[in-house]
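Hi everyone, thanks for coming along. Let me put the structure up, and then I'll walk you through it region by region.

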Amino acid sequence: MASAAIFSSLRRRRSPSLEAFLAPVDHTDSGLLSMLSSVANELASLFSNKKLLFQRKNSRSLIRKVEVLVILLEFLKDSGLTLSYTAKVCFKELYLLLYRSKILLDYCSQSSKLWLLIQNQSISGHFHDLNQEILTLLDVLPLKELNLSEDMREQIELLQRQLRRAKFYVDKQDEMLRHKLYSFLNDLEDGWIPDSMELRSFFLDKLLITDAKGCRAEIEFLEEQICNHGGDVEPAASVLVGFVALTRYCRFLLFGFEEDEMETENGNQKQLKKGLIAQEIVDTFATIPKDFCCPISLDLMRDPVTISTGQTYDRASISRWMEEGHYTCPKTGQMLTHTRLVPNRALRNLIMHWCLAQGIPFDLPEGADSSAETLASSSSKAAVTANRATSAILIQQLENGSEDAKAIAAREIRLLAKTGKENRAYIAEAGAIPRLRKLLSSPNSVAQENSVTAMLNLSIYDKNRSKIMEEEGCLESIVNVLRFGHTTEARENAAATLFSLSAVHDNKKRIADENGAVEALAALLRGGNPRGKKDAVMALFNLSTHTENCARMIEAGAVAALVGALGVEGISEEAAGAVAFIVRHPIGAEAVGKEEMAVSGLIGMMRCGTPRGKENAVAALLEICRSGGAAATERVLKAPALATLLQTLLFTGTKRARRKAASLARVFQRREHAALHYGGLGVGYAFASNSATNRDSNFASDVSVPISLSVPVV
């Protein structure tokens, strides 16, 4: 029966106490009864005078039963009775039932009001289950052995009769409210906005949600349930998305743009709240738990994922393992049936709470939190209707609201634009882009950060990219945020926006020609934090693929910054790809060749990089030898271990890497001392199709473009 205690952890922010799973052991009879009496008394005192908004009758009925048990336990504690084996087993089970009762009552008093309505029948079922289990326990409990007084025996027998008569009970008023909530959703599904007076009565009078902060709490709770949705839990995620959209609409319809929980200094980064489980974990483990460490790197996992064999690894480590050409499980040696990486969210949450309790910083990896994708994939017609109505209110505030209202509206548009192309499409169609553009120059750091991030999220939708580029002054404003933004996050998101916009070929030249754009990206690549460097190198990579941008990137210092990034973990692959594009132009090859660290950086990539990175590195070295000048060619020729690296690529590299390695070997064979250094390099390998004169006409086939790159929504 103890396993039923976990029901609450499925849909709560806070995990249940560990005591809910463990029956007491090694207690004397008096100690066991004292502990039970203490737990029951605490439960009765906590909830006897507490008025719950929902499940009122069920909760009061449960508390009355607990109060009778308190009387029984007090009587037995004072009697000094020696318990039989059967009685001990029953009282240990009672301990678990009391803790489960506390969890259920906590759940009803602390959960989202909307969620309690949605789950009304399910929660009523949990109350009924507890009644039945208490009855079973009392039936098994050897009452005759307990020497109860006549009065005490009568109370227990009365309780048993009440429990036998108890039926599954669902509060009619609660059910009426639940049906009303679903009627609002049905209206939205039909394309109608529910009556504002009915919404006001429902949220203010029935749910007692009286301010914007209350609405925000409801939205966050429901979004958490969507992200943790198991697929077999009612209602469907698409229904929950509809309720989130309805609540967001009501937040602005009913409470306007009053200040709620908006943070004025650090944007709207969520701070994790310390829950029970955090302290329980830190009390249990003095060092990093073994299961929290990646079997490959032996470091604490930041983004645990499960592979086809059922083993869990950190995403970065197992991805690198697979990119190196391995098709087995590192731990078990089994062949992988597929290469999908399934996020292990339960383990990640445990690690997060453990880090919180230990005071260890824990930042979710970019893309680890799939809440946006979950919301997008679960969108419904009701959500679309409600979000359209919300967008209209938000955009009106962007145009006519106060400065604080504009900042809040930008934040909400940012959040709406995270959840699918439909939202991004109609937000732009409703006129958000020109109004967000004005906020990009706001002296309010929060308004600026939210507006540039909203622009980033909108730009992920292909059709919005042309709208942003066509909006007069919009590109200039984004670049100015990149150069002079008030916060680090604003500057990083401006770089990410340029990366997104540069996915369109015709935009690449315009972005590169914008005053200060390439210089600012190069500066961010040199001096930004890891995320900023990533955004910058991705944008520069895209710009480098346009043939007319080479001279501009050299002039702006981007080539030097890219060469410097060749040795930086996490961005070296993209940097090598950009360098490989740039060296295709004679002036680019000459500029790269003049960089002292270029050859050593590319050689290092050939030695330790990913297969794609090695491919880009050898392609760049080949072009340096062809067009970079004698000095650069000499540095390549004298690079230590180059012959060994080329030979390794000839046998283990990708198809393109092998072709480039063979071409580079032939270049050296034509030089004066080629026989001394590389004479045996090409033995047994067919070079006929890789002569120096047989250069590929299409450069896209020469450079490994990181196709998997994607723009994160933030």
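**A walk through the chain**

The secondary structure of this protein chain comes to 35 helices and 3 strands; helices here are DSSP runs of H or I with at least four residues, strands are runs of E with at least two, and both are numbered from the N terminus. Before we go further, this is a predicted model, where local features need pLDDT of at least 70, side-chain atom pairs count only at pLDDT 80 or more, and totals for chains, interfaces and linings use all residues. Residues are numbered from 1 along each chain as its sequence is written, and side-chain values use heavy atoms, with hydrogens and water left out.

Now the overall numbers. Of the 714 residues, 53% count as buried; buried means under 20% relative accessible area, exposed over 50%, and partly exposed in between, with a 1.4 Å probe and protein chains only. The accessible surface of the chain is about 32,000 Å², and 51% of that belongs to carbon and sulfur atoms. Those areas come from the Shrake-Rupley method with a 1.4 Å probe, and for residues only the protein chains shown count as cover. Taking contacts (heavy atoms within 4.5 Å) between residues at least 6 apart in sequence, 74% join residues at least 24 apart.

On to the strands. They form an open sheet in the order β2-β1-β3, with antiparallel pairing; two strands pair if DSSP finds at least two bridges between them. The edge strands are β2 (312-314) and β3 (342-343), each pairing on one side only. Strand β1, residues 304-306, pairs with β2 over 3 bridges in the antiparallel sense, and V305 stands opposite Y313 in β2. Helix α12 (315-323) lies across β1, β2 and β3, at about 95 degrees to β2. For that angle, axes are lines fitted to C-alpha atoms, for helices over the stretch in contact, and angles run from 0 to 180 degrees between N-to-C directions.

Next, a few single residues. S111 sits in the loop between α3 (85-110) and α4 (113-118). Is S111 buried or exposed? S111 is buried, at 13% relative accessible area. A polar atom of the S111 side chain lies 2.8 Å from the backbone oxygen of Y107. Leaving aside residues up to four places away in sequence, S111 touches L116 and F221.

Q173, in helix α7 (172-189), is exposed, with a relative accessible area of 52%. Its side chain makes a polar contact with the side chain of R56 at 3.3 Å. A polar contact is a pair of N or O atoms within 3.5 Å; within protein, one must be able to donate a hydrogen and the other to accept it, and residues adjacent in sequence count only if both atoms are side-chain atoms.

Let's finish with helices. The buried residues of α24 (517-527), including V518, L521 and L525, pack against several helices, among them α21 (474-484) and α25 (530-544). In α25 we find N542, buried at 11% relative accessibility.

Last stop, α32 (630-637). Its buried residues are A632, T633, V636 and L637. Seen down the axis of α32, they fall within an arc of 140 degrees, so they line one face of the helix; the arc is that of the directions from the helix axis to the C-beta atoms. The face turned away carries the exposed residues A630 and A631.
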